[in-house]
There are 2 protein chains.
Amino acid sequence: MLDEFRIINKYFKREPKEGLLGIGDDAAVLPECPPGKRLVTSTDTLVENVHFSPDVTAKSLGHKALAVNLSDLAAMGALPYCVLLSMTIPSVNADWLQQFSDGFWSLANRYSVLLVGGDMTRGPLSITVTAMGYVEKDSFLARSGANVEDDIWVSGSLGGAAAALRHKISKDKFYPNSDFSRLEKFLNYPNPRIELGRKLVGVASSAIDISDGLSKDIKHLLKASGVGALVNYSSVPCETELNILRSDVKVKALILAGGDDYELGFTANPKYAAEILEISKDLNLSCVPIGKITGEQSLKIVDESGEKIELDESGYEHF
Amino acid sequence: MLDEFRIINKYFKREPKEGLLGIGDDAAVLPECPPGKRLVTSTDTLVENVHFSPDVTAKSLGHKALAVNLSDLAAMGALPYCVLLSMTIPSVNADWLQQFSDGFWSLANRYSVLLVGGDMTRGPLSITVTAMGYVEKDSFLARSGANVEDDIWVSGSLGGAAAALRHKISKDKFYPNSDFSRLEKFLNYPNPRIELGRKLVGVASSAIDISDGLSKDIKHLLKASGVGALVNYSSVPCETELNILRSDVKVKALILAGGDDYELGFTANPKYAAEILEISKDLNLSCVPIGKITGEQSLKIVDESGEKIELDESGYEHF
């Protein structure tokens, strides 16, 4: 039978690394921190029926549990180093574990992320990852730091994950004649914007991971920075499938407050616009300006005619 | 209503610390690691109906979720620095949150542990803590390192938590005439042996947190060290309530394999015996030798007459 130790050895333990005491003791001991660096850390839990539905594949879950945490490091401009993985699973299924670990390692290996420890227990399906990375001592991104007149940018496209989810949940009510299947990759395999975060250090004045929906997360950034913003809905990027529907109120809500996007929202002095477009080109990742920081202490999102868009601002509620 | 942000601000956010970016951004940024130190990290999840029963108080849960993680740091000889707290709770109850945070902070403050981040979501009750601490570069405790002829020691007393639990679950079958109520503190408020772990660095040759039961955890230590052990059951310390029953087979199993003890098991060259007893006296924490490391590659536990004790070795199974 697969007990905890066999599972860890088979699916999660990898070659030991010089200078690191990883899986197999009471705790992991990391190598000495490089001088001038600081450790950045974040944790996120994915719970079945809250963050994902029971029909999600184990591979996607292994990917996403790691991705959502790496996305938090990306928003700080950090280089990921290692993670801890705490799994609560209702039963042991070798196939499921193989798929889960495939999804996990496929992403972890892309960023040379080490798995240094964790925990495994039985119970209602839930995955907690704690990610750790490094930044230069005084050079990292934070939510605070946005200045009046800064441009507001977002990477990638928004609303895709939320659209795929709504369509899956209620196909008959949510644009029954649309094909949103291509958008499922945004829901199941989000890409943490690690490289972008790294390159924005010293360029962006503030940054945030837009996982709770653009409107809600930009408000967090504004509050931390003590400023306001004017955002042009028509500039907010989305995939073709949503773009043709973008004037519909339901689609507006998905793009502006749908959540689960794992893109970066960031601000920068206009003098950096060309540099950001260069970074965007280098990474083959779209970055577009969607508005301006204002001194008004509030977020105003307007449509093409300048009219304010009122939103149901619940965003992507996990709580 | 109490949303995630209000809950965090009210119950979990404390005064900011110089040089630390804590709760409120996408991730925490720790101060630069002191030169010559290494970061030690561990994570543990407590799941309702697996690690604790629904009638456990929120105060005890707040304490224990932190304690079991600090205990892992203690087993490495680490000084705790900070933790991340991921809570999955079925509903928001201000009273419950107040109690939980009271239990959490009461222990955290004892060791000046900072809460630097976390996550809060709705779902089946489950708490994951990730703890971080520091050790000197090459001076920490590990499971490997035990040598033949070393003494085997344990701190505190064993079996108390398991006895309290069994008695609570099936009072009519498990020593109905005994009063184990004093032992409930071992179940609900375990004390991580931080100070002991710190003082054992440079003295103990190996150490482990005995949370899965003495027999199981000593085996982990033996395997990591490539040695065997002879343990004298009569030397294994337990509380008075169990001591008067210690020849009973059910009590033997509790003391040797009950689990949930959060004491330290460690080995040391016999030349350190006096020093360990001095540490024990200084800390007002009993430490007793219970056996010897052997070259036999197996664990043998014997009773007073030298007869081998055969155990149901499932220990404290969370999985």
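The structure is a predicted model, in which local features require pLDDT of at least 70, side-chain atom pairs count only at pLDDT 80 or more, and totals for chains, interfaces and linings use all residues. Residues are numbered from 1 along each chain as its sequence is written, and chains are lettered from A and ligands numbered from 1 in the order in which they are written.

In the interface, 53 residues of chain B are in contact with 53 residues of chain A (contact: C-beta atoms, placed from the backbone, within 7 Å). Elements contributing two or more residues to the chain B side include helix 2 (58-75), strand 3 (79-89) and strand 5 (126-136) of chain B (DSSP runs numbered from the N terminus, helices being H or I of at least four residues and strands E of at least two). Strand 2 of chain B contributes the most, with nine residues. The chain B side comprises 25 nonpolar, 15 polar and 13 charged residues (nonpolar: Ala, Val, Leu, Ile, Met, Phe, Trp, Tyr, Cys and Pro; charged: Asp, Glu, Lys and Arg; polar: the others, Gly among them).

Strand 2 (residues 37-47) of chain A pairs with strand 1 of chain B in the antiparallel sense over two bridges (pairing requires at least two DSSP bridges between the strands). Val40(A) is placed opposite Val29(B) of strand 1 of chain B.

Chain B is superposed on chain A by a rotation of 180 degrees with 0.0 Å of shift along the axis, at an RMSD of 0.0 Å (least squares on the C-alpha atoms of residues with pLDDT of at least 70 in both copies). This is the relation of a two-fold axis. The C-alpha of Cys33(B) is the nearest to the axis in chain B, at 3.1 Å. Both copies use the same surface, as 100% of the contact residues of chain B recur in chain A.

Conventions. Contact = placed C-beta atoms within 7 Å.
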